[in-house]
Amino acid sequence: MYKTMFGASGFRKGMDLYFQRHDGQAVTCEDFYAAMCDANNAHLPNFLQWYSQAGTPTVKVTSSYDEGSQAFSLKLSQEVPPTPGQPMKEPMFIPVAVGLVDSTGKDMPLTSIYSDGMVQTLSNDGHPIFTTVLQFKKKEEEFIFKNVPERPVPSLLRGYSAPIRLDSDLTESDLYFLLANDSDEFNRWEAGQILARKLMFSLVADFQQQKTLALNTKFVDGLRAILQSTSLDKEFIAKAITLPGQGEIMDMMSIADPDAVHAVRTFIKKELAFQLKDDLLAAVTSNRSSEAYAFDHDSVARRALKNTCLAYLASLNEPDVTELALNEYKSATNMTEQFAALAALSQNPGQVREDALLDFYNKWQQDYLVVSKWFALQATSDIPGNVVNVQKLLAHPAFDMRNPNKVYSLIGGFCGSPVSFHAKDGSGYKFLGEVVLQLDKINPQVSLTVASRMVSAFSRWRRYDETRQALAKAQLEMIISANGLSENVYEIALKSLAA
């Protein structure tokens, strides 16, 4: 936020003054704030509230356009939710970077803004300004852009200029428009993520009501346009076509439904792969490289796009795609691409999956970190009945229950799988309950760290339906009633039970 307000050079000036004043000292947030402001001859009212107030602000934005006066208004209001010990919150200083996009998808030049009884003229040595930072520091404020010849679509919070939750009146059409046109890549990505979340929630409701699932053609067309773009950064394209995770969607539900979220995300992924197959295949083909591994932006971006597209294609579980993924696995010249191809192949149960996993282990079994990744890949898998596979891996010669990192990779990875850990039959909860007791008996050091961290996976059990709640609660009760349980695990299990 400091860099957003003062620019890169202003931020550097603040850093230089900060070290000049405080090198070798024990310093405070207030000292850093003072250095930033003094170096730039500025004052940021309410900014220190970021350090003293708990909670994430929610900023609501409503817009309006007056054609007669060619004025575009943004009304902002902020609210920080009450937290223990802080029932009432003061307004915070929030930098909101904004641009206005015209009907052709181009950024409008910004000339002046009216706010708080004053008009601010925007200029940059005669060069047009397309993004400005609104200094939002009251409970409610209105910012009016002058000389706006048509109603624009506002591009809000460009570059994620403040760590807030944004609640705007952008319509679905506006979001699709920004997805296709916004010059700010963060907002372009965010528009796609908002649309994806809305789509997923809508389809989850359809799934729960046993309706037929259908994908919005606008969403498919939006991702196709991004995938076919020759001007966008490849790493951005990879991120923009990636769907929100299952955990993210479940966190936004009043009652988390792992089965519905998994079914919907799987449906969307396969449908996108089916409808965009030619484009995805073209991206995989055009981003192959036989050159030596390089860790630079272009190479990283190329690999990211190729691997993301390969994962989509593999979800189809079609013979030609399986053959493609196998070829990518066998011909890979570096770990990143070989592991990505293995992850693509491991989405679908069967002999091809088992053979590829075994081959990878045989090649890399001497590399401790790679084997941990191999365990985690299998632990987080969404294939049906994965709890049985993870139980078998406990007996694998490379696994050691006394090794915390191996436990985090396999058991921790399993707990991060919404489908397997939260299986409706309670098999995932039962497995973890048994493992926690095993870990707790090994030695006090392991108990203090690993076992207690594993049992914390139960801490959000009340977020789920009554059946899952009862199954998770039973395991917590079983844990705290065990003989000889360590104090640390007992305390965390008891707190989880009471949560």
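## An exposed proline

Pro 149 is exposed, with a relative accessible area of 57%; exposed means over 50% relative accessible area, buried under 20%, and partly exposed in between, with a 1.4 Å probe and protein chains only. The structure is a predicted model, in which local features need pLDDT of at least 70, side-chain atom pairs count only at pLDDT 80 or more, and totals for chains, interfaces and linings use all residues. Residues are numbered from 1 along each chain as its sequence is written, and side-chain values use heavy atoms, with hydrogens and water left out.

The loop that holds Pro 149 runs between β7 (140-146) and β8. Helices (H or I, at least four residues) and strands (E, at least two) are DSSP runs, numbered from the N terminus. Pro 149 and Ser 168 are 19 residues apart in sequence, and their C-alpha atoms are 22 Å apart in space.

## Three-stranded sheet

Three strands form an open sheet with antiparallel pairing, in the order β6-β3-β8; two strands pair if DSSP finds at least two bridges between them. Its edge strands, β6 (132-136) and β8 (153-156), each pair on one side only. On average, neighbouring strands of this sheet are turned by 35 degrees against each other, direction ignored. Axes are lines fitted to C-alpha atoms (for helices, over the stretch in contact), and angles run from 0 to 180 degrees between N-to-C directions.

Five bridges link β3 (residues 94-101) and β6 in the antiparallel sense. Val 98 stands opposite Thr 132 in β6.

## Six-stranded sheet

A further open sheet has six strands in the order β5-β4-β7-β2-β1-β9, with mixed pairing. The edges are β5 and β9, each of which pairs on one side only. Neighbouring strands here are turned by 25 degrees against each other on average, direction ignored. Strand β2 (residues 71-79) runs antiparallel to β7 and is joined to it by six bridges.

Val 119 belongs to strand β5 (residues 118-121). Val 119 is exposed, with a relative accessible area of 52%. Between Val 119 and Ile 144 there are 25 residues of sequence separation and 9.1 Å in space, C-alpha to C-alpha.

## Largest pocket

The largest pocket holds about 990 Å³ of space. A pocket is an open set of points on a 1 Å grid over the protein atoms alone, where a 1.4 Å probe fits, with protein on both sides within 12 Å along at least five of seven lines; lining residues have an atom within 4 Å of a point. Grid points are joined across faces, edges and corners, and the volume is the space filled by probe spheres set on the points.

The lining has 29 residues, and those closest to the centre are Arg 265, Lys 269, Ala 343, Gln 347 and Asp 382. Two or more lining residues come from each of α9 (258-275), α11 (297-314) and α13 (335-345), with the largest share, five residues, from α9. By class, 11 are nonpolar, 14 polar and four charged. Nonpolar covers Ala, Val, Leu, Ile, Met, Phe, Trp, Tyr, Cys and Pro; charged covers Asp, Glu, Lys and Arg; the others, Gly among them, are polar.

## Second largest pocket

About 750 Å³ of space lies in the second largest pocket. Of its 25 lining residues, Arg 165, Leu 166, Glu 190, Ile 194 and Arg 197 lie nearest the centre. Helix α5 gives the most to this lining, with nine residues. The lining comprises 15 nonpolar, four polar and six charged residues.

The second largest pocket lies between domain 2 (55-169) and domain 3 (170-316), because both give residues to its lining. Domain bounds come from an automatic or database domain assignment.
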